[in-house]
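Subject: A structure to look at, with notes

Hello,

I am passing on to you the structure we talked about, together with some notes on what turned up in it. Please open it next to this message and follow the notes as you read.

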Amino acid sequence: MYSFLITLAVVTSILYATESRIESMGKRDIFFRDDMQVFKNPATIGIFGNFVMGTMGFVNDAIDTSIVPERSFDSAMVFVDSDNDSVSVSVPYTVYDTVYGKRTDVPTNQWFGVVYNYQLSKTLGVFGGAAFNRDNELDLFYDSLRTVIQTECLTKLALPEKTAFPEVRGKMDLMLGAALQGLNVGIGFSKASQDLKFIYDSTEYGSDVSLTSLSLGMETQAGTHSIEAYARLSMISYSNSTPDSAIDMPATTDNSLEIGARGFIKTNLKGGIVFVPALTIAKNALFNRTYSRYSGGVGMNLRLDGGLFWAGLEGEYFINTKDSTSYDSAANVERSGYGAHFNFGIEKSLIWKWLIVRVGGSKYIGIRTTKSAGNSLREWVENTADDGSSDDVLGFGIGLNYQSRLRFDITLNEALPYFNPFSNGLQNSTNGAHMVLRISSTFSL
């Protein structure tokens, strides 16, 4: 049960993983536009134009939760042999607990991509894009669970560690679409896989994992207003060529689905406030686990001179389950709850037009209920105040903008203003000694 609860905490946070601009000004982009949305709704390429994008990597020394055996016990189990005699066998089992350690300070998740629009005529245009090495929601979902599942299955796996559920390779995103008189439509495809074959103890083994996503999206103009909608179907396929005597885990294909819609309704209030209603439904499935979330809310955008202010309130209901299986006979676990997110963000050029300062906040509070083996726990929960993660309360960063063509978005250590960054002052902050946590860049073609 402990491993499942910790895994759910990881999954919940990675579903909202952000790039630098989003991370610095409110953690989430559901109520304002950002070029990262082309991966969720490929039709928005028709809005953002032509550009090359990428991230130099993410560095974070924030404490990370990992699962270790806390202690082992010997449990006497009684079996009946072929002569109908009772035999008592001592079977060790493990209770899992958590420890906290520092993440690596090596930059991770470096990626790049490009999108391009081409006008065929006055009324018809086509666009496309590609990105490589980017972690999408499906990749992160699989990666957050695979080591936990393998740990739970070790009694069934006569295999070297990290081979039954291998890391995937070849991560890529492909997008294609068309623009016709104010209507943008697009289709997106992403793929990552691994086909691992090896010989261990004179026996041939293999694990085949494939992560595939297909998304459809649209965006249309209605006067000064805009409406967006998308749907994404994802599949995780797994099989192994391990002998049945060594592993009892059947081949499986698990489907995940996400649909969402939002509108940008422009008004004349306070200099042109734009109201943004939004709705999202998502269900992720992997082996014996599911994660479902239903959310809806409304936000607002206000253009500033050289900047943007946004805020939003979103309610959500979620339910996570883990079912007992032949390869993991632990009790069923269900976690459900409801709550609300409040987010805001602001970016504004200061002193020079090329220097943009960003700050934003994210607050979640809700009620969560966990049930397992006839036991139940109900509690109030909230996101952490300052643990250095992308889901804590505040974000802080800057942007460097050259002639509105070349832009660098930088996430800064939130403790930077309080310590001397050129000494050892930052070493005890939640983000470690790093002044810069993430650098993303965009170049308009």
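Rolling a probe the size of a water molecule over the atoms shows where empty space is left. Please also keep in mind that this is a predicted model.

With that in hand, a search of the whole structure gives 4 cavities of 30 Å³ or more, and the largest cavity has a volume of about 100 Å³. Its lining is made up of 16 residues, and those nearest the centre of this cavity are Glu19, Asp35, Met36, Ser440 and Thr442. At least two lining residues come from each of α2 (20–24), β1 (51–58), β18 (406–412) and β19 (436–444), and by class the lining of the largest cavity holds 4 nonpolar, 6 polar and 6 charged residues.

The lining of the second largest pocket divides into 9 nonpolar, 14 polar and 11 charged residues.

Stepping back to the protein chain as a whole, you will find 4 helices and 19 strands in it, and of its 445 residues 45% count as buried. Among the contacts between residues at least 6 apart in sequence, 63% join residues at least 24 apart. The accessible surface comes to about 22,100 Å², and carbon and sulfur atoms account for 59% of that surface.

How far does the predictor's confidence reach, and where is it lowest? The mean pLDDT of the protein chain is 80, with 77% of its residues at 70 or more; confidence is lowest in strand β3 (residues 86–102), where the mean is 41, and highest in strand β5 (residues 124–132), at 96. Over residues 1–17 the pLDDT is below 50, and this stretch has 42 contacts in the model beyond near neighbours in sequence. Residues 86–102 also have a pLDDT below 50, and that stretch has 58 such contacts.

With best wishes

How values were computed
Residues are numbered from 1 along each chain as its sequence is written. This is a predicted model: local features need pLDDT of at least 70, side-chain atom pairs count only at pLDDT 80 or more; totals for chains, interfaces and linings use all residues. Side-chain values use heavy atoms; hydrogens and water are left out. Buried means under 20% relative accessible area, exposed over 50%, partly exposed in between (1.4 Å probe, protein chains only). Contact means heavy atoms within 4.5 Å. Accessible areas come from the Shrake-Rupley method with a 1.4 Å probe; for residues, only the protein chains shown count as cover. On a 1 Å grid over the protein atoms alone, a cavity is a set of points where a 1.4 Å probe fits but cannot get out, and a pocket is an open set with protein on both sides within 12 Å along at least five of seven lines; lining residues have an atom within 4 Å of a point. Grid points are joined across faces, edges and corners, and a volume is the space filled by probe spheres set on the points. Ala, Val, Leu, Ile, Met, Phe, Trp, Tyr, Cys and Pro count as nonpolar, Asp, Glu, Lys and Arg as charged, and the others, Gly among them, as polar. pLDDT is the predictor's confidence in each residue, from 0 to 100.
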